[in-house]
Amino acid sequence: MVETGFVSAKDCVGTGSCSCQFTDGTTIDLTPLSSKDVNNPTFMDISGPTPLDIYSWNPCADFTEGPDGCTNVAVCNIHQNIPNAAYFSLGTTDSVTFTTDDLGQVTMNYQFTGTGTPIVQRNSHILLTCDQSQEGTLVAQGPLPDPSSPDYYFGLQSKYVCPGNSPGGGGKSSAMSVGSILCIAVLVIALVYVIGGMSINVFYRKHIGIERFPNASFWLLVPGLIKDGCKFVITRGKTTTYDRI
């Protein structure tokens, strides 16, 4: 059965350019999806809802595409004009924020703010969906609710969105079981008993040889007692010897 669905969490707080952590300690980390080649983003020239627009995105680091307009950006919109295409930044990596709505759906948000007059602002929103069967698939929905909107929407389906699939086991750390705690406690007590007892016997009581071991006379009897106990259980307490009449 393939696990799919939106990420469910109370809140996912950003811990890096492409990672966030939930309040329960689990994380989302898209580092495995990010390209290190500044000229080749992981998701490059993804078709949008209109034939003239394509989009590129690199999850963790900026990239450059085209002669201008998309230099050191996280998300790029390429409008394929004839004869020359136009490139528009939809946000930079350092502008990323993470939001979680009431349904537990996590979105990565980027922002671009121009320096000209009038000031142009464009935003991109990438909805993260957990899908264990997908390495990473990006769907571009384009500007919504209409083509003139400054808000561009995308959807990412990936196994790296699923909490617990983070690099290095970024999932929720599990607490030790009761059995593990008891084993550790017994080991610590045994070490204290042996080391402490031998120290007292050697430095205070001046014992030598096997007598340096704490309660040596008792522990020497233990193997015999165990043997007798096992023999008693096997024979059910019956004896095979009889007194002479």
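Reader: Are Cys12 and Cys20 buried or exposed?

Author: This is a predicted model, in which local features need pLDDT of at least 70 and side-chain atom pairs count only at pLDDT 80 or more, while totals for chains, interfaces and linings use all residues. Residues are numbered from 1 along each chain as its sequence is written, and side-chain values use heavy atoms, with hydrogens and water left out. Buried means under 20% relative accessible area, exposed means over 50%, and partly exposed lies in between, with a 1.4 Å probe and protein chains only. By that rule, both Cys12 and Cys20 are buried.

Reader: What is the torsion about the S-S bond of Cys12 and Cys20?

Author: The sulfur atoms of Cys12 and Cys20 are 1.9 Å apart, and a disulfide is a pair of cysteine sulfur atoms within 2.5 Å. The disulfide of Cys12 and Cys20 is right-handed because its torsion is about 85°.

Reader: How many residues apart are Cys18 and Cys60?

Author: Cys18 and Cys60 form a disulfide with sulfur atoms 2.0 Å apart, and both of these cysteines are buried. Strands (E, at least two residues) and helices (H or I, at least four) are DSSP runs numbered from the N terminus. Cys18 sits in the loop between β2 (12-16) and β3 (19-22), whereas Cys60 sits in the loop between β6 (53-57) and β7 (75-79), so that the pair links distant parts of the chain, 42 residues apart.

Reader: In sequence order, what is the pairing of the bonded cysteines?

Author: A search of the whole structure finds four disulfides, including one that joins Cys70 to Cys76, with 2.0 Å from S to S. When the bonded cysteines of the protein chain are numbered in sequence order, the pairing is 1-3, 2-4, 5-6, 7-8.

Reader: Which residue forms a salt bridge with Lys159?

Author: The structure holds one salt bridge, a term that stands for a side-chain nitrogen of Lys or Arg within 4 Å of a carboxyl oxygen of Asp or Glu. Lys159 counts as partly exposed, at 27% relative accessibility. With the closest N and O atoms 3.3 Å apart, the partner of Lys159 is Glu135.

Reader: In which helix does Trp219, which forms an aromatic pair with Tyr193, lie?

Author: Rings of Phe, Tyr and Trp (its six-membered ring) pair if their centres lie within 6.5 Å, and planes under 30 degrees apart count as stacked, over 60 as edge-to-face and the rest as tilted. A search of the whole structure finds five aromatic pairs, and the one made by Tyr193 and Trp219 is edge-to-face, with 6.4 Å centre to centre and 70° between the planes. The two residues are 26 apart, with Tyr193 in helix α1 (residues 178-204) and Trp219 in helix α2 (residues 216-235).

Reader: How far apart are the end C-alpha atoms of α1?

Author: The expected span of a helix is 1.5 Å times one less than its number of residues. The 27 residues of α1 should therefore span 39 Å, and this agrees with its end C-alpha atoms, which are apart by 38 Å.

Reader: Which elements give two or more residues to the nonpolar patch?

Author: Patches consist of residues with over 30% relative accessible area and no salt bridge, where like charges are joined within 9 Å and nonpolar side chains (Val, Leu, Ile, Met, Phe, Trp, Tyr) within 5 Å. Tyr193, Met198, Phe213, Phe218 and Trp219 make a nonpolar surface patch of about 450 Å², with accessible areas taken from the Shrake-Rupley method with a 1.4 Å probe and, for residues, only the protein chains shown as cover. The elements that give two or more residues to this patch are α1 and α2.
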